[in-house]
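Colleague: Before I use a set of coordinates in my own work, I would like to learn how its packing features are read. Could you take me through them one at a time?

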Amino acid sequence: MSFAKGSDSNFRNSGHYLLTVVLTIVGFTAGIFIGAILSRVLISDVETAASWKIFGLQFTPFIIGLATLFACLKYIHKLPIRSSITARKSFSWKRYAFAFFLWLTIQVVFLLTAIASGAPISFSFSAATFVPLLIISLTLLPIQTAFEDIFYRGFLFQALTNAVGRASLAILILAAIFGWMHAGNPEVAILGYSVLFYYILSGLFMGVLTHFDDGLELSMGYHFANNFFGAVIVTNSWQVFQTDALVTDHSKPEMGFELWAVLLIIQPALLYVFYKVYRWKNPKAKILE
């Protein structure tokens, strides 16, 4: 079975498709309001509150959004949740872990290289703030990335592929949507809309990765590693995650060489590595599907 096509004839039913999208968005939006209410109840002063508390509450919309999506798959489409995650008989944790540790290692190497070259990076550690941050990141960050991956590169990918008839076109459309959905991030206001190319091309990379591997495991592992690195290991004053990470980068905000290297060199190289490791069959044919 091709993951892109899915196993549900209901994906050809526009009513079921639209209802699931609307309910998932409503669930996510409700999570934003619930998170705001919890913030008012649990945090008396945002200015003096521990950053890990604010960080943890940011995940409320993703938790409710993911629960809503799972409910739609089960009760509207009458499908197991796995159907929008992988074409395999069970979730491949080995793939997830391999992609996570591979990308995390590469990012750490980038960081060490920057430190060695004299980049303005400072180190700080406080167990009182770092331990809660680490626990939240290990438990809630996977939910945040899972929601985005399953909704965009799982459910919507399958629905659009059946609607437009071509997986490649669905990947392009969803990459554009994935990029535009990050337009409200604070780094966009600082770096300009050019940074959306990073999100669009990253969405394209993860979409191709999902299509070639017939499942989300590699994409989810990569996505989790990317966000984990930005939350736990390195932070700065302008990114979406403001945390008490191990190091702070004081470099001038810019769409620099590192970001372009990731898009134009590292991500294509990772595709080749995964292709060799998992022995994908007929990748040229798949890209034209």
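Modeller: Let us start with a pair of helices: α3 and α6 cross in a left-handed manner. Please keep in mind throughout that this is a predicted model.

Colleague: How are the axes of α3 and α6 placed, and at roughly what angle do they cross?

Modeller: The axis of helix α3, which covers residues 60–75, and that of α6 come within 8 Å, with a crossing angle of roughly 40°. Angles under 35 degrees would count as roughly parallel and those from 65 to 115 as roughly perpendicular, and α3 and α6 are therefore oblique to each other.

Colleague: Which residues make the contact between α3 and α6?

Modeller: On the α3 side the contact involves Phe62, Ile63, Gly65, Leu66, Leu69, Phe70 and Leu73, while α6 contributes Ile143, Gln144, Ala146, Phe147, Glu148, Ile150, Phe151 and Phe155.

Colleague: Let us turn to the rings. How many aromatic pairs are there?

Modeller: Rings count as a pair if their centres lie within 6.5 Å, and by this rule there are 25 aromatic pairs.

Colleague: Are Phe28 and Phe147 buried, partly exposed or exposed?

Modeller: Buried means under 20% relative accessible area; Phe147, at 6%, therefore counts as buried, whereas Phe28, at 23%, counts as partly exposed.

Colleague: Why is the pair of Phe125 and Phe130 called tilted?

Modeller: Stacked pairs have planes under 30 degrees apart and edge-to-face pairs over 60; the planes of Phe125 and Phe130 stand at 55°, with ring centres 5.4 Å apart, so this pair is tilted. Phe130 itself is buried, at 12% relative accessibility. Ring pairs can also join into a cluster, as they do for Phe91, Trp93, Tyr96, Phe100, Phe101, Phe224 and Phe228.

Colleague: What lies over the face of Phe178?

Modeller: That is Arg153, at 4.5 Å from the ring centre of Phe178. Thr210 belongs to helix α9 (residues 196–213) and is buried, with a relative accessibility of 0%. The C-alpha atoms of Thr210 and Thr86 are separated by 8.8 Å, although these residues are 124 places apart along the chain.

Colleague: Which residues does Asp213 touch?

Modeller: Not counting residues up to four places away in sequence, Asp213 touches Arg88, Arg95, Leu218, Tyr278 and Trp280. Asp213 is also placed in helix α9, and at 3% relative accessibility it counts as buried.

Key:
Residues numbered from 1 in each chain as written. Predicted model: local features only at pLDDT ≥ 70, side-chain atom pairs only at ≥ 80, totals over all residues. Heavy atoms only, no water. Phe/Tyr/Trp six-rings, centres within 6.5 Å; stacked < 30°, edge-to-face > 60°. Buried < 20%, exposed > 50% of the residue type's maximum accessible area, 1.4 Å probe, protein only. Lys NZ or Arg CZ within 6 Å of the ring centre and 35° of its normal. Axes fitted to C-alpha atoms, helices over the stretch in contact; angles between N-to-C directions. Helix = DSSP H or I, 4+ residues; strand = E, 2+ residues; numbered from the N terminus. Parallel < 35°, antiparallel > 145°, perpendicular 65-115°, else oblique. Left-handed = near helix turned anticlockwise from the far one by under 90°. Contact = heavy atoms within 4.5 Å.
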